[in-house]
Amino acid sequence: MDLQQLSQLFASTFSPDPNVQKMAEIQIRKLGGQEGLITNVLQIVGNDNVDLATRQAAAVYLKNRVYSSYFVDTSPRPDQVPIPPSDRNNLKASVLPLIAASPNRAITVQLAGALKNVVARDFPENWPNLVDEVKKLLASSNIREVHAGCVTALEMVRAFRFRQNNDILPKLVEAFFPILVNIATQALSNPPAGTNQEVPTLLHLILKTYSTSIILQLSAHQQSSESLVPWGRLLFQVVNLQIPKDAVPEDEDERERSEWWKAKKWAYKILGRLFHRFGNPSQLPSSLQQDYGAFAQHFVTSFAPEIFKVYLQQTELYVSGQAWLSKKCQYRIFTFFTECVKPKSTWALLKPHVQNLVQSYIYPQLSFTPAKQEQWETDPIEFVRTSVDEYEVFDSPVSAATSFLFSVASNRTKTAFLPILGFINQVLQAKPAAPQRYGALNMTAALGPFIMRHPDVKGNMEQFVLQHVIPEFSTPEPYMRAVACEVLGTMIKAGLKFSQEQHLHAAFTAVAQCIDDAELPVRVHACLALTEMVTDTETVKNAVAPQVGKVIQTLLKLSEETDLDILNHCMEAMVETYQTELLPVAADLTARLCETYVRLARESQSADETDSHGIDLDSIMESTDNEDKIFAAMGVAKTIATVVNAVDSSPEILAQVQEIIIPIVKMTLEAKLLDLFDNMYDLVDSLTYKLRSISPNMWPIFELTYKLFKSDAVDFLDEMLPSLDNFVSFGGDVFKQRPDYRQMVLDIYQTSITSDHLGENDAVNGCKLAESMLLNLRGSIDDALQPIIATALPVMDKAETNALRLANLNVLVNAILYNPAAALHILDQAGPGVARKFFDKWFAAINVEARLPRVHDKKLSIVALCALMELDPASIPESVKEGWPGIVSGALKLFQEYPKAVQARKELEEAFHAESDDDDDDDDSKLLNLNEDEEDVWDEDSAYVEMLANEGQRLREKSERQAAGEDVSDDEVEEDIEEELGYISPLDTVHPYVTFKQALTAFQMKNGPGYQLATTSLSPDLQTFLMEVMRLADEPAVAAPAA
């Protein structure tokens, strides 16, 4: 196809007629594999005679085609056609000149995306001269070529930014960074003037390149003074740069996005990252000490004080109105100040300024500003979203200010916390205007959990609430009523108790009135506060009970208006608290919730389809359009689950609720909304488990589950397993009549074991499903016994984890229990010595306590051994007859350990229930540091970062050893296999002692010589223990199943 026709096709891809657009896209896709097409696309992108929109469409196609098909692995998808070598070579020859000649940023971005993916695949082996080409561009006197060199350097660094332990990135840093820092320094030699964007754009690209290079590691070159000094000088120069008004837009939002302020943002980010990740010795994880310990000591003494001084100056200029700071830069400054709280050396710098920073910066940020007023009026839902969760916009000045407050309060409690509270009191005592009172109460709400744990403060909070919070419910400013609700709810949640009933009544009455407030944010905060009061105080719970229907309706209406996930938590709490009162309206409530869920799910699906053009990693990471809808849908699904739990005392209502829920599950699965599968399978599991039956309308969910497992959701077996187990456990009558259903479950098991796409955890889940079949469908799956055994036998040798070894052994033991004679015959026919090998593995597990750790494992093996005792001697294969007498001693060995396992399980259950009842938040030391000394602080956050770093180091070392061909065993780090407290099976009703006595009697009757040999070969201790087991079988206490 000639260039004219191809250009026309690209022009048609943005036609207003969707049919023309679709036809063009199909035609381009058909041409995709033709040799020379990429070369033609490159010519269109670079042709100044073609209109810009068409060139941009061609550039987008180029980026996506390179992303999907520049490299195709050995098993490509049907739609993947590799780019021919000639086109690859032309692409590498053309892309740098095209970037240099690019007419606009939109095309440059697409070309850069294509370049990054080529670099990731071909550099350095198949593009050895690329570094020289980039150096040539960077040395050019043509600013556009320098710009292209900077873009290329950035994309090369981005291509290798997440690769650990490779020497490519350090070599790129050493090759380019001395040149880049010189370019940036020269660009800054003249003060910024006018609207020319060339200099700030170069600065932006160069600083972004440096920032990208230090995501995971800081190279030896970057740690040297040869690099650190010039880059440090540049970064301070950018941070201190005063940008004239005529060089940036007047509008603050546009100014924030301008190239000059993007450059400053990256400078702040780099300085913060250098300190946080590499330059803070007191918080540096031990696994990083070897690489960065010396650098950290140098940085914290030589650079951190200078950063602190410069940042403090910038903050002072901002609060005094002498300079403007973008929101992103404010965020970076206070993130750095927060990092300075824990280390002793930087705390010494920060400590004298904390109170001033709180008064001059933090307090104004948390006050009711004109910007907040505008948001309240124009977008009250977003106001609530950001006020309920300060981290909703995580990189905002408000979130940084809040984090700073938290860090000071928890880490330097003794010296800094009380002065902050004193300032709050001082503000409120002065009775300033409402916006300032809002700031003080907002700070109080943020610090509530810390306040209520401070021994010198918590006792004063009832009086504080009465004096400064309750009166605000009567003020004309609605935002004061909202913040009053927030403070009250926070304090009650943190442990505030009213000493007098009239004080509680005043607070409750004030909150209750706000439920009907005209302003949406007030209603939301009132619902949040009321929920805390209801769950905390019996008096309020009883007072709300007659009106709970109205409260639930208010919550539903607010939830539908706002899609706020926090309201779902309120709904869950109300449903749990008023289970009896809500039983009559449970079906209606579920129907309303299901309507909301369907709306949110469909909206998220639409947003997802709209965003499907962003196929590369960066586009996916930046695309958040449907996240809020997905999270809101998840929240509603959890609320529906709470309703299910609340009505389980009434099977009739629960059955009604189930029929309302089934359609939303079906819709979610059919639409393949994978993000919501976990929630849906939780609902299916809960409904089928609580009802102990499978309704006719639920079986299509089973069919859909199998269909999805075999296609889009093969890696969702973990989520599907509890529901599948319930289908097998409680739908036995249907399975017995439906051979196709039995085949589906068998196929899921076999796929979980044999699929290359699944790991050992999935194989364990498959084994659990096979166990469920063998235990619940006794006598109905004879034809499945051979394929189950044939699937399990190879796993005996291939399993790498203890979990899979045990799960697979239990499948084979279950096969023995299902039909001992048939299973032994199948094992014997599987090959010479196979049956003997299985018995050897089984008895090796029996003889080592930890190998059959759970009650179920021991009981299963006991009952299976009992089944073997009852076997007719003629059914015993010759290959295992020699060891047959050992089955009695094996059973006795298990009985020796069985009571201990039952006791351990009982203790675990008691601990679980005790843990559910305990309030873990009573330990004040977790939140406050009341120590007198001012040493380095090492808290739970520090320990968590240490753990993550060390685990990352361990996994990297393991990966390196595997790559080197070493045998890497996980045994030393594998966790113990713990009891599954929610697990139920038909064996729960089996009496192991009684079963053993009956089996031993049958053994004596059917196989006298074998019985004689089995019992006389027992050691004296085991013979004595045998009598004890027989005695226990006759005791009345054993009439009930043991565990």
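Which residue forms a salt bridge with Glu560? The partner is Arg592, and the closest N and O atoms of the two are 3.1 Å apart. This is a predicted model, and the count of salt bridges in it comes to 37.

- Glu560 belongs to helix H30 (residues 548–562) and Arg592 to helix H33 (residues 586–610).

- Glu897 and Lys858 meet through their side chains in a salt bridge, with an N to O distance of 3.1 Å.
- Glu897 is in helix H50 (residues 886–917) and Lys858 is in helix H48 (residues 855–869), so the pair ties together parts 39 residues apart in sequence.
- Both Glu897 and Lys858 are buried.

- Arg836 and Asp840 form a salt bridge through their side chains, at 3.5 Å from N to O.
- Both lie in helix H47 (residues 834–846), and because they are four residues apart, about one helical turn separates them.
- Arg836 is partly exposed at 37% relative accessibility, and Asp840 is partly exposed with a relative accessible area of 43%.

**Salt-bridge network**

- A network of salt bridges links Asp563, Arg599, Glu603 and Lys629.

**Contact of H12 with H16**

- Helix H12 (residues 225–240) and helix H16 (residues 304–319) have axes that come within 10 Å and cross at roughly 10°.
- An angle under 35 degrees counts as roughly parallel, so H12 and H16 are roughly parallel to each other.
- On the H12 side, the contact is made by Phe236, Val239 and Asn240.
- On the H16 side, Glu306, Ile307, Val310, Tyr311, Gln313 and Gln314 take part.
- The residues of this contact divide into five nonpolar, three polar and one charged.

**Thr152 in H8**

- Thr152 is part of helix H8 (residues 143–159).
- Its relative accessibility is 0%, so Thr152 counts as buried.
- Apart from neighbours within four places in sequence, Thr152 is in contact with Leu96, Leu115, Leu130 and Val134.

Note on methods: Residues are numbered from 1 along each chain as its sequence is written. This is a predicted model: local features need pLDDT of at least 70, side-chain atom pairs count only at pLDDT 80 or more; totals for chains, interfaces and linings use all residues. Side-chain values use heavy atoms; hydrogens and water are left out. Axes are lines fitted to C-alpha atoms, for helices over the stretch in contact, and angles run from 0 to 180 degrees between N-to-C directions. Helices (H or I, at least four residues) and strands (E, at least two) are DSSP runs, numbered from the N terminus. Angles under 35 degrees count as roughly parallel, over 145 as roughly antiparallel, 65 to 115 as roughly perpendicular and the rest as oblique. Contact means heavy atoms within 4.5 Å. Ala, Val, Leu, Ile, Met, Phe, Trp, Tyr, Cys and Pro count as nonpolar, Asp, Glu, Lys and Arg as charged, and the others, Gly among them, as polar. Buried means under 20% relative accessible area, exposed over 50%, partly exposed in between (1.4 Å probe, protein chains only). A salt bridge is a side-chain nitrogen of Lys or Arg within 4 Å of a carboxyl oxygen of Asp or Glu.
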